[in-house]
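Please keep the model open while reading.

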Amino acid sequence: MDSITVVIPCLDDAAMLRACLDALARQTRPADEVIVVDNGSRDDSAAVARAAGARVIDEPHRGIWPATAAGFDAARGEIIARLDADSVPQADWLERVEWRMSAPDRPAAVTGRGRFYGGTAATRWVAGTLYIGGYFAVLGPLLGHPPIFGSNCALRRTAWRELRTLVHRDRPDVHDDLDLAWWLQPGMSVVEDPGLVVAVSARPFDSWSGLGRRLRMAYRTLVVDWRAWPPAARRRARAQPPAGAPVAPSDGHGGIDGRRGPEDGQPEAYSASSSPTS
């Protein structure tokens, strides 16, 4: 059995983090390690994490990608599972992650969707049907595989070691899950498992400004990734047999050409649930 580390980036979200960690404590397959990445919280998020037995990593560089990447780097498990602080996984979530990642096809990543809670019925419908549904329906054909939902996914640590210098991990204005899905290399597969379920707060969709911020961030991520590794070149590379090394163009400094992306304005403020689908 592969060991599993759960990574949870967090910013000023103590109450919801407590509910997330309580759900992890009730898993039928316990985590081997839980890492909470404190992204500069001013509340007692770090204390809540430590009280639950989680390992706390401090990441002063604000942003969902910098915080997530710091947690991925620190993970000791062979499989890195990912939640947001407002995610509440069902009791068999990690058991399902382990089962799917050990299947004969040995995917590099597995993802599920979210069941939204809180807000109004209309808010939950917008979040689940338009936003998440649109995310998978539109980006799946573009990527050639399911996109990754950051509030409910898992990745092999071996894949992360290959991807960590390719993704835009230092950009707070880029969605971590979409960027990660874009840079999957030849031989890396991602599968969507409908049985992999977490409850996710609908609070980001309580206002048009919240929805608009996420849509702008998703658009910016597409622009950055499209220019750095255009879809045609990406499809050609992924169609080739894996060569055992990343295919993305190098800038000579361990990164990629265009890593910083276009000059598309100042990064927007990071919120506790700022993945493209949370």
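The points below take the cavities in turn.

1. This is a predicted model. The count comes to 2 cavities of 30 Å³ or more. Rolling a probe the size of a water molecule over the atoms shows where empty space is left.

2. Start with the largest cavity. About 50 Å³ of space lies in it. Its lining is made up of Trp-65, Thr-68, Phe-72, Arg-82, Ile-148, Gly-150, Cys-153, Asp-176, Asp-177 and Leu-180. Two elements give two or more residues to this lining: helix 3 (64-74) and helix 7 (176-182).

3. The largest cavity is lined by 5 nonpolar, 2 polar and 3 charged residues. Arg, which counts as charged, is present as Arg-82.

4. Now the second largest cavity. This one holds about 40 Å³ of space. Around it sit Phe-72, Ile-80, Arg-82, Ala-109, Ile-148, Cys-153, Ala-154, Leu-155 and Leu-180. Strand 7 gives the most, with 3 residues.

5. What classes make up the lining of the second largest cavity? It divides into 8 nonpolar, no polar and 1 charged. Arg-82 is in this lining, and Arg belongs to the charged class.

6. Compare the two lists on screen.

Notes: Residues numbered from 1 in each chain as written. Predicted model: local features only at pLDDT ≥ 70, side-chain atom pairs only at ≥ 80, totals over all residues. Heavy atoms only, no water. 1 Å grid on protein atoms, 1.4 Å probe; cavity = no way out; pocket = protein on both sides within 12 Å on 5 of 7 lines; lining within 4 Å. Points joined across faces, edges and corners; volume = space filled by probe spheres on them. Helix = DSSP H or I, 4+ residues; strand = E, 2+ residues; numbered from the N terminus.
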